[in-house]
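Please walk me through this model in the viewer, one selection at a time. Say what to select next and what is there.

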Amino acid sequence: TDDGVLLDAFQAYLVRRDLTPATVRVYLHDLKVFQDWLAWVYETPAVSLGQVGTADLATFRKHLLHEKAQRATTINRRLQSLRLFYHWLTQHRGAMENPAEHLRFLREGRRPQPAALKRSEVLALLRAANASPHGMAKRNVALVQLLLQTGLRVSEVAALKQEDVKLGARTGQVTVRAGKGLKFRQLPLNATARRALQNYLETQIELKPQRPLFLSKRQTSLSVRAIQNVIAELARRAEIDRIPVSAHTLRHTFAANYLKTNPGKLIELSGLLGHESLDTTAIYARPSQDDLALDLERSPLNVLGD
């Protein structure tokens, strides 16, 4: 079909932009949702993506909001996918008009700060890592500490080579060679991270610059999924059930604690996290749900009635 050819070309365009496979899949899935809606509305698949008008997109937005009751973040992501597709259609495929040019996003309520681990939960997670069987204790402690002390993305940790970590008696750094958006950055390692990484690297029979930093029991590279599984299993053994725990939770925990210790240093935190925009980092300056709950508990109106 014409739409099939268009979508194949759009997919090739996304790949050329160096987007991750997961991001490409999300864009294509959002377009499939829109295609399914078009077929349902017009009761025929004959309405192609190239025939869509602004009114169709606005009606689709209402459908997602009122009939599907989807969250503003989900709807806005779908709208962003449509905006990118139609921008590409006008710029690269000679379409005369861009029906999504004036398509407005939904206003989102201010989200609280992402959930972070409490100090007691961090200690429980480290105890679980230190008790790991099959000789994996030092590796797992180093993995948890690196995530906690630097806020690296799990994909960035999975891509690290042994040469990317430099450890000294009083200083150290980790080099991220291709972070999100293929960005290069270097982060200092504090004493806790240096000690954990040193203890782990001393367990390696042979150190080679190009060898993956974190290895499985079979001495192969630890994938993103494998790292996620390790963190999930450690959280289960640590009996942390207040919030779901993933590698990203440790990134949130790093960010929240950095701002508590260094109030107002958003620019510095943004650089450490590898964010392109300060707006993304600013969410950590908002109060967490726990902070809000504590504020309400302290309210003078919080008195027990008879």
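How many helices and strands are there in the chain? There are 13 helices and three strands, where helices (H or I, at least four residues) and strands (E, at least two) are DSSP runs numbered from the N terminus. This is a predicted model, in which local features need pLDDT of at least 70 and side-chain atom pairs count only at pLDDT 80 or more, while totals for chains, interfaces and linings use all residues. Residues are numbered from 1 along each chain as its sequence is written, and side-chain values use heavy atoms, with hydrogens and water left out.

**Whole chain.** Start with the C-alpha trace, which spans about 70 × 65 × 35 Å along its principal axes. Of the 306 residues, 41% are buried (under 20% relative accessible area; exposed is over 50% and partly exposed in between, with a 1.4 Å probe and protein chains only). Among contacts (heavy atoms within 4.5 Å) with a separation of 6 or more, 61% join residues 24 or more positions apart.

**Second largest pocket.** Next, select Leu117, Thr253, Phe254, Ala256 and Asn257, which lie nearest the centre of the second largest pocket among its 36 lining residues. A pocket here is an open set of points on a 1 Å grid over the protein atoms alone, where a 1.4 Å probe fits, with protein on both sides within 12 Å along at least five of seven lines; lining residues have an atom within 4 Å of a point. The volume of this pocket is about 860 Å³, taken as the space filled by probe spheres set on the points, which are joined across faces, edges and corners.

Now colour helix 10 (247–261), one of the elements that supply at least two lining residues each. Helix 10 gives the largest share of the lining, seven residues.

**Pro99.** Move to the loop between helix 4 (72–92) and helix 5, where Pro99 sits. Is Pro99 buried or exposed? Pro99 counts as buried because its relative accessibility is 9%. Show Val52, Gly53, Thr54, Leu57 and Tyr86: these are its contacts beyond four places in sequence. His87 is twelve residues from Pro99 in sequence, and their C-alpha atoms are 9.0 Å apart.

**Gln70.** Finish in the loop between helix 3 (54–67) and helix 4, at Gln70. Its relative accessible area is 21%, so Gln70 is partly exposed.
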